[in-house]
Amino acid sequence: MNRIEQVAVATVVGIALGILSGCDSGSTSPVAVVPGVPTNLVASPGNSSISIAFTAPTSTGGSAITSYTATCSAAGVAKTGAAAASPISVSGLTNGVAYSCVVAAVNAVGTGAASGTTIATPIAPATGTTAAVGCTLTYSGFNSSAKVNTTSSYTWSCSGAVRTLTGSGIPDHAVTGGQFATPMSTQVINVSTTLNPLVAATITPTQVIGYALNSVKFDPGTAGSCSSNATGTAPGAGCVAIAGTDPWRLEAIGGAFLFGTDENNAHVQPDGAYHYHGMPEGIITRAAKGTGVVLVGWAADGFPIYGRYGYTVATDAASGTKILKGSYQKKATPDAGRPSVTIFPMGTFTQDYNYVAGSGDLDECNGRTGVTPEFPNGIYHYYITETYPYIQRCVKGTASRVGPPPPP
């Protein structure tokens, strides 16, 4: 065997031994890199601040993400904020100035590339009173819809620091659909709330969220429930529509249990009270604003409620409008003990939803701070949406509710 043959044999033997021993002289351990890019940024303007919600990068870079940094810039001046997860608040900003904001993820290797840009304009909270809006609204007219056939009347007035509504609780729009177990009847509505609402540090869950301009109440929850072993929606199958005490709370919209809501996402309670569970289509149609921003009522804490459309940029009335979405998502998997998803698809129960900050346009009470046609200087306000929670289930103002508690 000559020298060349000896080298060739040695090389082959070496490679074979390397394979057998599990060692490849050319292999290396994975090297961590900076993390990927955050996505789906949603900016919520505050007083001298912007809160930015986002979705975490799909790649950590091989090293756990330790924090996120948000940077908001305007006119060559940049401010930053940091947090361990979404959202991030950037403070020290100038109200009325539009800022371009980005978010970057950080791991042990370093800072990843910045996200795409989101733009927001910090805004000072509205000062003074809401008394300049809707304090002289009065209506009385006969509603000839077969399911109504009585007079709709309402009056909104303001005195001192109080906004007062008196009304019949009868809608001023057509009602043609729905399956009402009880005929609609005139109610005695006499409720009030503050003209000077302030955003509180905590939210207040409540059932009667407020009242529409036509004096019909916003009552999004139901008194229906199902047991964990429910087998269907028929009587005796484990679900009830009224005075339910079982753990699984039924939703009026989007589930397997039909509550007989009409084209206005409303129906009638056992005492004859007509009430909205979702978008009050008749009110929006009567407003005739097309894709405009429509005031539909007032919340229990005194803040205004709008329907469907809001400005694309919360602080810019010239930004156009879009259909706003809530920030609640259906859970990927049902909770333990939940009735069968085959019989009751996800969305049937209140527990099927989670609030995911930044996944929509609004906060946990379906609200945001921004400008509206009635409040060009900005105010905190709510929206009724086509997505859950439809009508919010909480308020952020200092008042907890208006009017008497709802019937069981």
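**Exercise 1. Find which residues Ala-230 touches, leaving aside residues up to four places away in sequence.**

Step 1. Contact means heavy atoms within 4.5 Å. By this rule Ala-230 touches Ala-237, Gly-238, Cys-239, Pro-339 and Phe-344, residues up to four places away in sequence not being counted.

Step 2. The structure is a predicted model, in which local features need pLDDT of at least 70 and side-chain atom pairs count only at pLDDT 80 or more, while totals for chains, interfaces and linings use all residues. Residues are numbered from 1 along each chain as its sequence is written, and side-chain values use heavy atoms, with hydrogens and water left out.

Step 3. Ala-230 is in the loop between β15 (225-226) and β16 (239-240). Strands (E, at least two residues) and helices (H or I, at least four) are DSSP runs, numbered from the N terminus.

Step 4. Ala-230 has a relative accessibility of 6% and counts as buried. Buried means under 20% relative accessible area, exposed over 50%, and partly exposed in between, with a 1.4 Å probe and protein chains only.

Step 5. From C-alpha to C-alpha, Ala-230 and Trp-248 are 9.8 Å apart in space and 18 residues apart in sequence.

**Exercise 2. Describe the protein chain by its helices and strands, its buried residues and its contacts.**

Step 1. There are 2 helices and 28 strands in the protein chain.

Step 2. The chain has 408 residues, and 46% of them are buried.

Step 3. Take contacts between residues at least 6 apart in sequence: 61% of them join residues at least 24 apart.

**Exercise 3. Is Asp-352 buried or exposed, and which backbone nitrogen does its side chain reach at 2.8 Å?**

Step 1. Asp-352 belongs to the loop between β24 (328-330) and β25 (353-355).

Step 2. Its relative accessible area is 1%, so Asp-352 is buried.

Step 3. A polar contact is a pair of N or O atoms within 3.5 Å; within protein, one must be able to donate a hydrogen and the other to accept it, and residues adjacent in sequence count only if both atoms are side-chain atoms. The side chain of Asp-352 reaches the backbone nitrogen of Gly-347 at 2.8 Å. A polar atom of this side chain also lies 3.2 Å from the backbone nitrogen of Thr-348.

Step 4. Beyond four places in sequence, the residues in contact with Asp-352 include Gln-329, Lys-330, Arg-338 and Pro-345.

**Exercise 4. Locate the cis peptide bonds that join Ser-86 to Pro-87 and Tyr-388 to Pro-389, then examine Tyr-390 and Asn-265.**

Step 1. The bond between Ser-86 and Pro-87 is cis, with omega about 0°. Pro-87 is in the loop between β4 (77-83) and β5 (88-91).

Step 2. The bond between Tyr-388 and Pro-389 is also cis, with omega about 15°. Pro-389 is in the loop between β27 (379-384) and β28 (394-397).

Step 3. Tyr-390 is in the loop between β27 and β28. Tyr-390 is not a glycine, yet has a positive phi of about 65°. With a relative accessible area of 11%, Tyr-390 is buried.

Step 4. Asn-265 is not a glycine either, and its phi is positive at about 60°. Asn-265 sits in the loop between β17 (248-249) and β18 (266-268). Its relative accessible area is 19%, so Asn-265 is buried.

**Exercise 5. Which of the 49 residues in the largest nonpolar core touch the most other members?**

Step 1. A nonpolar core is a set of buried Ala, Val, Leu, Ile, Met, Phe, Trp, Tyr and Cys residues joined through side-chain atoms within 4.5 Å.

Step 2. The residues that touch the most other members are Met-184, Phe-218, Tyr-274, Tyr-276, Val-296, Ile-305 and Tyr-382.

Step 3. Apart from this core lies another, of 17 residues, including Leu-41 and Ala-120.

Step 4. Ile-305 is in contact with residues including Ile-209, Phe-218, Val-296, Trp-298 and Tyr-382, neighbours within four places in sequence being left aside.

**Exercise 6. Where is Lys-396, and is Lys-396 buried or exposed?**

Step 1. Lys-396 lies in strand β28.

Step 2. Lys-396 is buried, because its relative accessible area is 16%.

Step 3. Lys-396 and Gly-367 are 29 residues apart in sequence, and their C-alpha atoms are 8.6 Å apart in space.
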